[in-house]
Amino acid sequence: MQSRFQALRLYSRVNTQLKFKFGFPTQPRTKYSILPHLIPNQQFHSTQNTKSEFNSREGFERDEFIGSVADPGEREVFRRDPNDETALEIQKLLKIRRDSSVSGIERALHLCKLSLTDDLVLNVLKRHRSDWKPAYVFFNWASRCGIESGYSPGCGVHNEILDIMGRMRRFHEMTQLFDEMSKRKDLVNERTFGVLLNRYAAAHKIEEAVDFFYKRRELGFELDLIAFQTLLMSLCRYKHVEMAEFLLHSKKNEFPPDIRSMNIILNGWCVLGSLREAKRFWNDIIRSKCKPDKFTYGIFINSLTKAGKLSTAVELFQAMWEKGCKPDVAICNCIIDALCFKKRIPEALEVFREMNERDCQPDVATYNSLIKHLCKIQRFRKVYKLLDEMEQMGCLPNARTYVYLLKSTKTAEEVPRILERMERNGCQMNSDSYNLILKLYMDWDCEEKLKSTLDEMERNGMGPDQRTYTVIIHGLYDKGRIEDALSYFKQMTSMGMVPEPRTMLLVNAMNIKLKEKREAEPEGKGLGNNADSTRPSSRRGKKKKKTTSA
């Protein structure tokens, strides 16, 4: 394998140095939702890539991780999936030949003489979740090439490529792929329907989502209540709650409403932030034949806290205990988080203590709520006491826990210590962790660590993604490096990524500013200095002192 890909390694090192010319913002806030608890027997698949190098399974090859992210001088060794090395080299090949013809890319893949398996193909596809073109070319090549070697992609591989095409709004290709899968019914499963329903709903193609739901019959799948609830959940997840509620009522003869279906709609109004609609639907549930369960209470309590009605939420929470409807850990977490948000930390800690007394065991989300807000008020002694308690109780911190710790850091020297503790607990890095570290290094002007973090992120198949480019583009603009920011925007859109609205506004403003700057330059001067004007410079904006002759 080394000789086969030796040229690619050399190219990658050189290309990385040329590609990332940085200068240097915000994490999108996510709404708390207890939706995964609503249908305990249903599997809800996340489309986020959670694969990381923090894997301690036996038989894995050893590889470097923290050395590049934290401190190049003190490298730590980690284990890797044997497929990762091959997938990484394929990723590099597809990157190098991105602008080549499809036949040229396929010839290069043939020369690699790969031994194709579902694990390897999935590994490669997951590394291109934000870049559909190489993923699509590789999938098609693997499907055709596999016929000669006896390999045929399974339903997991097909579902992954469907998800990628849907995410990047390539619905024509997605439909073609599904039609091909339908010819072999063993390739279509419940996960397939979940993926496509999510992608249609995310693109606001409601009619297509409903029509696709009814295709279940054609493929020999039952139109049962659980499948209908999956449709409702997909619609609510992407803010089509009104349509989901309409379907709930209009299809009541076909799919009689139960409390789980009602909970999905209630949660949809909660996540949408409409307390008025949530109250209306809560009253509908009370008047209906469906008896509210603990999830119903939890969703409504969550809605009240998000709307700032904390006192009402606490009253309902206490009433649950009095009525013998024991709140679960998700409801307790909601109250704790809301109390912390209102800076009522002592009351939150009191609820935390009561949970242990009432046999409601805290989970990682409970600790995370406390740690997040304690970090904000810089009570780090209490934070690390809670961390020690988590480790002793076997409730190990997750990636979000370490994100809160990283957000509270003031210098680059603090990052390695947090990452070392993260590795010690076997916690996996994800794209959010990487993007936060990138933002921190940008803010601190740590260019070398920034480059190595990006290199490691790409090597681990976690980016750069849309969030990475957003951070870079906005960061470069803040540093006055408009040409570089626009260059990254062009690179981002060439990969088929859809920019955030705020990024589009910023890019439009940069184009106007760049045009005005060029028009203001004296005639002839702009042409003479054009080559230099696009180079990033750390001295840009600084004026040289004038010297006068005696």
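Trainee: Which residue with a positive phi follows helix 11?

Mentor: This is a predicted model, so read each value as computed. Helix 11 covers residues 225–237. After helix 11 comes a residue with phi near 75°, and that residue is Lys-239.

Trainee: How far does helix 11 reach from its first C-alpha to its last?

Mentor: Helix 11 has 13 residues. At 1.5 Å a residue, the expected value is 18 Å. The model comes close to that, with a reach of 18 Å.

Trainee: Is helix 11 mostly covered or mostly open, and how many of its residues are buried?

Mentor: Buried means under 20% relative accessible area. Among the residues of helix 11 that pass are Phe-228, Leu-231, Leu-232 and Leu-235. Helix 11 is mostly covered, and the count of buried residues is ten of 13.

Trainee: How much of the whole protein counts as buried?

Mentor: The protein has 29 helices and two strands. Its accessible surface comes to about 28100 Å², with 50% belonging to carbon and sulfur atoms. Of its 550 residues, the buried share is 51%.

Notes: Residues are numbered from 1 along each chain as its sequence is written. This is a predicted model: local features need pLDDT of at least 70, side-chain atom pairs count only at pLDDT 80 or more; totals for chains, interfaces and linings use all residues. Side-chain values use heavy atoms; hydrogens and water are left out. Helices (H or I, at least four residues) and strands (E, at least two) are DSSP runs, numbered from the N terminus. The expected span of a helix is 1.5 Å times one less than its number of residues. Buried means under 20% relative accessible area, exposed over 50%, partly exposed in between (1.4 Å probe, protein chains only). Accessible areas come from the Shrake-Rupley method with a 1.4 Å probe; for residues, only the protein chains shown count as cover.
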